[in-house]
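Thanks for coming, everyone. Please bring up the sequence and the model, and I will walk you through a few places in it.

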Amino acid sequence: MEIVICPFCGKENRAEDETCQYCQARLKPLRIDPESQPGLIGQSPGEESQVFSKKEGKPDSQDGLQASGEVTPAGKPAVSEPSDWLTGFRNQITTQDLTPGPEALDDERQPEARDIRQDFEAGAMLDDAFRSLPFENARDNEESYPEFLPDEPQKAEKVGDVAADDLAWLRELQSQYNEVDGLSSAASKKDEGWLAANELSQDSQKREDERVPRWVGEISAGSLDKQDSEAEGGLSASELPSWLDATRPLATPQIIFGMPSGYSDQVEIAGPLAGLPGLLPAEPEIALGRKAAAYPTQLQVSETNRIQAEIFDQVLQSEGQNRPLPDRVLVSSQKVMRMAFALIILFAILAPVFSLQTLERYPAITPVEVLSASQIISRIGSESPVLIAVEYEPGFSGELDAALAAVLDHLMIQGAFLVLVSSVPSGPMQAEHIVGVSNQVGPHQYINSASQKEYINLGYISGGLAGLRNFAENPRLSNPSDISGEPAWENPVMVNIDDINDFSLVIVASENHDKSRAWIEQTSPLLEDTPLIYVVSAQSEPLIRPFFDATPQQVQGIVSGVIGSVHYGATIGRQGIAHLYWPSFNSGLLAAAILIVVGGGANALLALTASKNGRKPGGKSL
Amino acid sequence: MSLFDLGAADLIGGLLGLAVTLVVFSHFIGDNAVFRLVLHIFIGMSAGYIAVVVAYNVLWPKLLRPVLEAEGWELLWVGLPLFFSLLLFARLFPRYSILGSPVLAFVVGVGAAAAVGGAVVGVLFPQVRATINLFDLDAIRQNQENVNLALVNGSIILVGTISSLAYFHFGVRGKAGSKTQRSTWMEWLAQVGQGFIVIAFGMIFAGIYAAALAALIERLSSITRFIYSLVAGF
């Protein structure tokens, strides 16, 4: 919102206010377009000025000043001509902007004109003009009356009465100003100065001060037209002397501050002077102080935004504050419970190891996927190339070694030629490890023949999915040498292998579902009559199962974890690593099942108790 | 196997394995510096081993040796992979990284083509076909299965497949001034799918526990065997 500073009281006002709401001083200079005020004036400025002069019986000095070289109102011939020195002075100040040269003045009135000009320059013309008025002298001494004034002293006295009336209405207006709260002392003092001076020189007319002229009281914004009509029969313009007309204060500020022409046509529309035309402005326009638009420093935000901003501010402030670390609880209920569960499971696992009583009851029903895998391997002939992808990390060797060992044991019994490969960097070493472990499972001499290599390790398949696809399409090009750097495809068993479909069987051992699926994606479209068997961890078995259950099958057999390995050993009547783990594995599963049931029951009981007490299970009140 | 049957390597390896295993097990008491040290050792050993494997199985036999052994125009052919590989190093320098962009684009493009092609041809189409074939009565009779039982089984799988897919369908048609939510029948279907998903997750969790249990048993078995061999030697 634009704010305007009152030049008098210095308080802020709205930009649209005409007057100060505190001291009633005018804030906007009088710039009223006469055409926009037809109700007030109803005629052209020249006509209004003319009528007003007729009504008051005195000529409009401003119009007179304007008329120097301009238009002269038609209704003004009755006014007596002003004195020569005033006319000359008027011409000088209008044509030379208050800097007339001495030669421009009339020689006879040069001293008076020079004095007046100096007074004007001193800015005290108004006071001194009234001080120099011969009101007192006109009564007391007719000789002191200026010679250049053409009128008689009696007439001057009469004129002095009229002037006293003029001063009276000004004082009345001043008193009205003083009644307004917050009136600027500067403005009042300024007015009081010349009024007081005038009163000192006119103490004989104090009785006249109490009486406000009727014409002043009748002037208002709504009665102008009426007054105009009544002015026809009022005072005639010739009753005022020209010198008095010339000393009217209305002309002074216009001259001093260069008021534009037509200023007298403006009518006050606000404040106690509403309706009066041709008023003095409180301040010249150039002196009107206007403060630059002051924009509010506070953001206009909604309540929600303010709350969010406060929260954000609190968060920012809390960032810089050091918070004391919570005391480290050495023994918490959660920690105790965790350790208790660990001890229970450890006891369940170790009990069969140190006890002669072992849970050696093996499952009687063999799963179909394990049975299918066993049957496929049973059909593998001697020296048949079998591709085995060892795709698990060492961390899962405990489970997958046990599972894969049973399958490898069966393959060794069948006399298959093992071709090991891996797309995991650690896979080749895992493959070497599991072949050695499997060879120790049962009484067979699979790799004890030094003269004949029964398996070959092709090493690492690089390139991710693209490398896997490349290996499936052209294994010779993908892995030309084995893990030791020797040529891999010179073995008689490997001579006829050009793609993955030329292997008798493909076995993928993995704990990772993505790795397992990658082999299905990249190799199953190429595998026409070569079976694909998966040896997987128990955690990825549910994700591989759909490929086995599908019709047609994409995976022909699955051996899953320790359980699958035990089942597989049962199909071939051999016990491998998984059988060593089986008692502990069984008791561990049983302990876990008991803990889950007991824990679930206890949790449900706590929740039920808490709901009866009206509290949340976590201990908080509902 | 007694202590005297163990070689020096087996003895040192067994002791190291025992110590490292016990340190890793100490984590269940709480995090400690020794556990972190062993963890760093494992990571360092794995990284070093992988670097050796890649250098020995890939860089030397497939990249460097062919270039060294090539003659004449063959050098141009086998040197092309090496040249493109060197261009990949330009990615390290922003000013010359554009030189490696074509090679990188080729690698990414081939990988994406292999992944998408394999997923569509190897998994998506066969699985859709398998789901449809669950209701192939001729196939059921050929397999000598109970038709009703096979149809019930197929229906469960079909409902599980569709409802599981519906659970992940979060698209709604928004209307001005109304709450955007899935339709009622879709909500019910998603609830059924959620049940199937929960069952699948339960199976996976059981498998994870079984795998971890097997690993724990293998470690404890190894430790007890080693300790038994040590004790049996005296």
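Let me start with a question: is B:Phe84 buried, partly exposed or exposed? B:Phe84 has 37% relative accessibility, so it counts as partly exposed. The cut-offs are these: buried means under 20% relative accessible area, exposed over 50%, and partly exposed in between, with a 1.4 Å probe and protein chains only.

Some ground rules. This is a predicted model, where local features need pLDDT of at least 70, side-chain atom pairs count only at pLDDT 80 or more, and totals for chains, interfaces and linings use all residues. Residues are numbered from 1 along each chain as its sequence is written, chains are lettered from A and ligands numbered from 1 in the order in which they are written, and side-chain values use heavy atoms, with hydrogens and water left out.

Back to that phenylalanine. B:Phe84 pairs with B:Phe83: the ring centres are 5.8 Å apart and the planes meet at 45°, so the pair is tilted. Rings of Phe, Tyr and Trp (its six-membered ring) pair if their centres lie within 6.5 Å; planes under 30 degrees apart are stacked, over 60 edge-to-face, and the rest tilted. Over all chains, the count is three aromatic pairs. B:Phe83 is partly exposed too, at 46%.

Now chain B as a whole. Chain B has seven helices and zero strands. Helices (H or I, at least four residues) and strands (E, at least two) are DSSP runs, numbered from the N terminus. Of its 234 residues, 25% are buried.

Over to chain A, and its cores. A nonpolar core is a set of buried Ala, Val, Leu, Ile, Met, Phe, Trp, Tyr and Cys residues joined through side-chain atoms within 4.5 Å. The largest has 50 residues, and A:Val386, A:Ile388, A:Leu411, A:Leu505, A:Ile507 and A:Val535 have the most contacts inside it. Helix H17 (residues 397-414) gives the most to this core, with 10 residues. Apart from it lies another core, of 33 residues, including A:Phe471 and A:Phe503.

Look at A:Ile388. Its contacts (heavy atoms within 4.5 Å) include A:Leu408, A:Leu411, A:Val421 and A:Ile507, leaving out residues up to four places away in sequence. Next, A:Ala389, in strand E3 (residues 385-390). A:Ala389 has 0% relative accessibility, so it is buried.

A:Thr523 is in helix H21 (residues 513-523) and is buried, at 0%. Leaving aside neighbours within four places in sequence, A:Thr523 contacts A:Ala472 and A:Ile500.

Two backbone details to finish. Which peptide bond is cis? The one from A:Thr551 to A:Pro552, with omega near 0°. A:Pro552 sits in the loop between helix H22 (541-549) and strand E8 (557-560). Then A:Glu383: its phi is positive, about 65°, although it is not a glycine. A:Glu383 lies in the loop between helix H16 (368-378) and E3. At 28% relative accessibility, A:Glu383 is partly exposed.
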